[in-house]
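Biologist: Hi! I'm new to this and would like a tour of the protein shown here. Could you take me through it step by step?

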Amino acid sequence: MMKTKDRLIVALDVSSLDSLTQTVDLLGDAVSYYKIGMESFYSLGTASLDLMRLKQKNVFLDLKLHDIPNTVARSVKALCCFSPSMTTIHAAGGPSMLKSAVAAAAEGAAKLNLTRPKLLGITVLTSISEPEWAEIGNDRSIRDSVLRLALICKQTGMDGVVASPLEAAAIRQVCGEDFLIVTPGVRPPNSDQGDQSRTMTPAEALRAGADYLVVGRPVLAAAEPRTAALEIIREMEGQADD
C-alpha cells in the first residue's frame, strides 16, 4: 500500500539548478515525489531529471504535450529514456493523439527495458473559472467538459487525468477506482489561492477521490518549506485514517 507521504507531489517551479538542489535537499526524506514542469525543464533541460534520478526521487514530468499525433508520439517515446513516473498530455488533443501517445509510451519503454511512464490527460486548467471557460467559446460547464475529457482518456488507454479537486469525485464515479486522478489547485487551510480558481484543502481533495496532490507555492514560498510539507502530510494522514 502506498504511503500517504508519497501521494504529495511538490511542484519544483524553479529556474536554476542551485534552487532545485537546495529545495530537494531541504525537504529531504519528507518528500519523495516532485513535479518537473515547463519552467524547470525549459530552464534546465534534462539536468533537472538527472538530478531527480541522482536524489532517487519520483518524477511527475508535466510538459502538457499537445500537437499532432505523430509529434506527440515521438516526444513521448523520447521522454521514456528519463524514466518519469508520470507525464502529461493535453486531453483536448483528441482520441487519435492520445492513442498514439499510449502506443509510443509502451514501445519506447519496452525498447529501453524501462517501466512505462503513466500517461495523464490534462483536462481543464485549475486557473480557469466558469466565466473564462465560457468566454473562450465553451457551451458545456467545466465539470461536464472535464468528465467528457476524462472518459476519452479512459477509453483511449490513458492511465488517468489531471483535474481540479472539484471534479475529482465525479471523475472517480465515472471512470472507476483504477483510474488515476492527480489534483493541482490544492491549498492548505487559510493559505493564499494565488492564481488558482478551483481549489480544495488537502483533506478535501483526498475525500473527493484524488490519488495524488500537487502543491507548489504553499511549500516553496513558506518560511520553513520542510515544516510546511510535513504539515500538509499530517493533514493527509489524518484524512487517510478517517
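Modeller: Happy to! First, how the labels work: helices are DSSP runs of H or I with at least four residues, strands are runs of E with at least two, and both are numbered from the N terminus. Also keep in mind that this is a predicted model.

Biologist: What does serine 40 touch?

Modeller: Not counting residues up to four places away in sequence, serine 40 touches Leu12, Asp13, Val14, Leu20, Gly45 and Ser48.

Biologist: Nice. Let's zoom out. How many strands are in the barrel?

Modeller: The closed barrel has 8 strands, in the order S1-S2-S3-S4-S5-S6-S7-S8, with parallel pairing. From one strand to the next, the twist averages 25°.

Biologist: Which strand does S1 pair with?

Modeller: S1 (residues 8–11) pairs with S8 (residues 212–215) in the parallel sense over 3 bridges, and leucine 8 stands opposite leucine 213 there. S1 also pairs with S2, again in the parallel sense and over 3 bridges. In that pairing, isoleucine 9 stands opposite tyrosine 33.

Biologist: Why is S2 described as largely enclosed?

Modeller: Because 5 of the 5 residues of S2 are buried, the rest of the structure largely encloses this strand. Tyr33, Lys35 and Gly37 point one way from S2, Tyr34 and Ile36 point the other way, and all are buried.

Biologist: What about the helices? Which residues of H4 are buried?

Modeller: In H4 (residues 69–79), the buried ones are Val72, Ala73, Val76 and Leu79. They lie on the same side of H4, because they cover an arc of only 130° around the axis.

Biologist: Why would residues a few places apart point the same way?

Modeller: An α-helix has 3.6 residues a turn, so residues three or four places apart point the same way.

Biologist: On to the core. Which residues have the most contacts inside the largest nonpolar core?

Modeller: That core has 64 residues, and those with the most contacts inside it are Leu8, Ile36, Met52, Val76, Ile89 and Ile171. Apart from it lies another core, of 12 residues, including Tyr33, Ile122, Val162 and Val182.

Biologist: What does isoleucine 171 touch?

Modeller: Leaving out residues up to four places away in sequence, isoleucine 171 touches Val146, Leu147, Ala150, Val161, Ala163, Gly176, Phe179 and Ile181.

Biologist: And alanine 170, where is that?

Modeller: Alanine 170 is in helix H8 (residues 165–175), and with 9% relative accessibility it counts as buried. Setting aside neighbours within four places in sequence, alanine 170 is in contact with Arg143 and Leu147.

Biologist: New topic: backbone angles. What is phi of glutamine 56 near?

Modeller: Phi of glutamine 56 is near 60°, a positive value in a residue other than glycine. Glutamine 56 lies in the loop between H3 and S3 and counts as exposed, at 73% relative accessibility. Lysine 64 also isn't a glycine and has a positive phi, of about 50°. Lysine 64 is found in strand S3 and is partly exposed, at 21% relative accessibility.

Biologist: Last one: where is serine 141?

Modeller: Serine 141 is in the loop between helix H6 (130–135) and helix H7 (142–155). This serine 141 is partly exposed, with a relative accessible area of 27%. Leaving aside neighbours within four places in sequence, serine 141 is in contact with Glu130 and Trp133.

Conventions
Residues numbered from 1 in each chain as written. Predicted model: local features only at pLDDT ≥ 70, side-chain atom pairs only at ≥ 80, totals over all residues. Heavy atoms only, no water. Buried < 20%, exposed > 50% of the residue type's maximum accessible area, 1.4 Å probe, protein only. Arc of directions from axis to C-beta. Pairing = 2+ DSSP bridges. Axes fitted to C-alpha atoms, helices over the stretch in contact; angles between N-to-C directions. Core = buried A, V, L, I, M, F, W, Y, C linked by side-chain atoms within 4.5 Å. Contact = heavy atoms within 4.5 Å.
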